[in-house]
Amino acid sequence: MTEAQGLPGRRRAARLGLAALLAAGCAPASGPPPPGQAAAAALLGRRAAALRERDPAAWSATSTGGTGQDSLWARLAGVPLAGWAYRVTGVRAGAATATVEATLRYRLRVEDPAPATARRLLGLVRHEGRWRVRSEEAARGAAQLLWDQGPVRARRGSWGLVLGTGSAGELREFARLAGRAVPVADEAWGGDWPRRVVVLVPGSLAGTAALLGGEPDAYRGVAAVTTGSPEPGTPADRIVVNSEAYGELDARGKQFVLTHETVHVATRSVTGPATPLWLSEGFADLAAHRAAPRPLAAAAPALTAAVARGEVPRALPDDAAFAFDGDSGALDRAYEGGWLACRLLADRWGEERLRAFYRAAGTRGGQAAFREVLGTTRAEFTAAWRAYLREELG
C-alpha cells in the first residue's frame, strides 16, 4: 500500500480519536441524572426528616455542609422545632447543579398551633456521586427567616419564647420584659388567647427589615412590629424587634413597647380590616400605660402641646395618620389621640364595654359598634373626645 493510499486511513483514525476525546470531554460526570421534581422532593424529604429527628449522619448525607458551624444544622440547633417539611414547587437543573424552589412548612414547639410557611430557594450540586444541598435561602422577594441571619439562641418560659442572633444576656433581658408583658395583656384583654408570645430579635435594622420583607428605611425608628393572622389554626404571631431603635429606649420605654406589642397578640383574633387603627393602637397603649403610669402631660406631650396652642384635633385619627412617613409629631398625636379615646371609653362606659366595642368594631365596623355597644354615634363620641382632650390636657 502506497503512502497516498494509506493517508485516508490515518486521517480516519485521527478523526475517530478526536471524536473519542470530544465525547469523553462532553460526557456528563458519572452519577445520578439531573433531578426532576420527584427526585428533588425525595432529597428534601430526607433533609427535613434528618432535621426533625436531629440525626447528624442523615443530615450530612443530604448536605455538602455537613453539620459544621456555617450550616443550617448548626444555626437551627437552639430552635425548638416540632415540624419541618418542604413542598417542591419548581426545579431548574443542569448537569452538575440545580436550583429548587420550595415552600417550607415549619412549626415551633408549644407556641405554633399550625405550621408557618416560607418560600425557599435551595441550591443542589453533585457531590461524591450524588445530589446534595449546597445552600438554602429565602426565595426572591420573600422574607428571610431568623436563622438565615446566623446561629439562633432561644430562651423559653411560661410567657413564651424569645429567639435571637445576639448574646445570651440580650435574650435574658427580652425574656424578662416578655414575662412582665403577658400578665398585663391578659388583665387588659382576658378572653381566649394563648397567653404566650414569640419574640424575634435580629441583630440589626437590616435584619429586622429582612424578616419583615421590606426595606430598612421603612422600619427606622420603629422599635418593634407584630405580624400574624387573625384566622384560627394559624401560626403564633411574631413580635419582631428592631434592636437599633429598641436600644435607644430607657427601661420604661422598652417595657412599654413590648407590652404594647403583646396586647396586639392578645387581640389579634378579633382584630380585622374593619378595626380602626386608633382603636387597636389606642387599646394597646392603654394597657401599656396602665402598667407603667406617668403624669398625663408626660405621657401625651404632643397632644398636650397642640391643645395648649388651641389646636384640638377635629376628628379621631384616621388610619393614614399612623403611617411611618417621617412626620414624627403627627404620628405621636395619632397614637396619643387613640390612647385617650380608649381611655375615655373605659372611663365612661367601663372596661367590659370597651372590650365589647373592640370586638364589635372588628366584625361590624366602627359605626355599628358605636350604635350597638355604646348607644351613641361616631360624631357624638368625637365631640365628647374633643371635650375630654380640653379637660384633661388643657
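Analyst: One term first: contact means heavy atoms within 4.5 Å. Please also keep in mind that this is a predicted model.

User: Okay, what is the order of the strands in the open sheet?
Analyst: The open sheet has 4 strands in the order β1-β2-β3-β4, and their pairing is antiparallel. The edge strands, which pair on one side only, are β1 (81-93) and β4 (130-138), and neighbouring strands of this sheet are turned by 30° against each other on average, direction ignored.

User: How many bridges do β1 and β2 pair over?
Analyst: β1 and β2 (residues 97-108) pair in the antiparallel sense over 11 bridges, and a hairpin of 3 residues joins β1 to β2. Across this pair, alanine 85 stands opposite arginine 105 in β2, while arginine 87 stands opposite threonine 103 in β2.

User: Which helix lies across those strands?
Analyst: Helix α2 (residues 37-52) lies across β1, β2, β3 (116-127) and β4, and runs at about 160° to β1.

User: Switching topic, at what angle do α12 and α13 pack?
Analyst: Helix α12 (residues 328-349) and helix α13 (residues 351-364) pack at an angle of about 130°, with their axes 7 Å apart, which means that α12 is oblique to α13.

User: And which residues make that contact?
Analyst: On α12 they are Cys342, Leu345, Ala346 and Trp349, and on α13 they are Glu351, Arg353, Leu354 and Phe357. The residues of this contact of α12 with α13 divide into 6 nonpolar, no polar and 2 charged.

How values were computed
Residues are numbered from 1 along each chain as its sequence is written. This is a predicted model: local features need pLDDT of at least 70, side-chain atom pairs count only at pLDDT 80 or more; totals for chains, interfaces and linings use all residues. Side-chain values use heavy atoms; hydrogens and water are left out. Two strands pair if DSSP finds at least two bridges between them. Helices (H or I, at least four residues) and strands (E, at least two) are DSSP runs, numbered from the N terminus. Axes are lines fitted to C-alpha atoms, for helices over the stretch in contact, and angles run from 0 to 180 degrees between N-to-C directions. Angles under 35 degrees count as roughly parallel, over 145 as roughly antiparallel, 65 to 115 as roughly perpendicular and the rest as oblique. Ala, Val, Leu, Ile, Met, Phe, Trp, Tyr, Cys and Pro count as nonpolar, Asp, Glu, Lys and Arg as charged, and the others, Gly among them, as polar.
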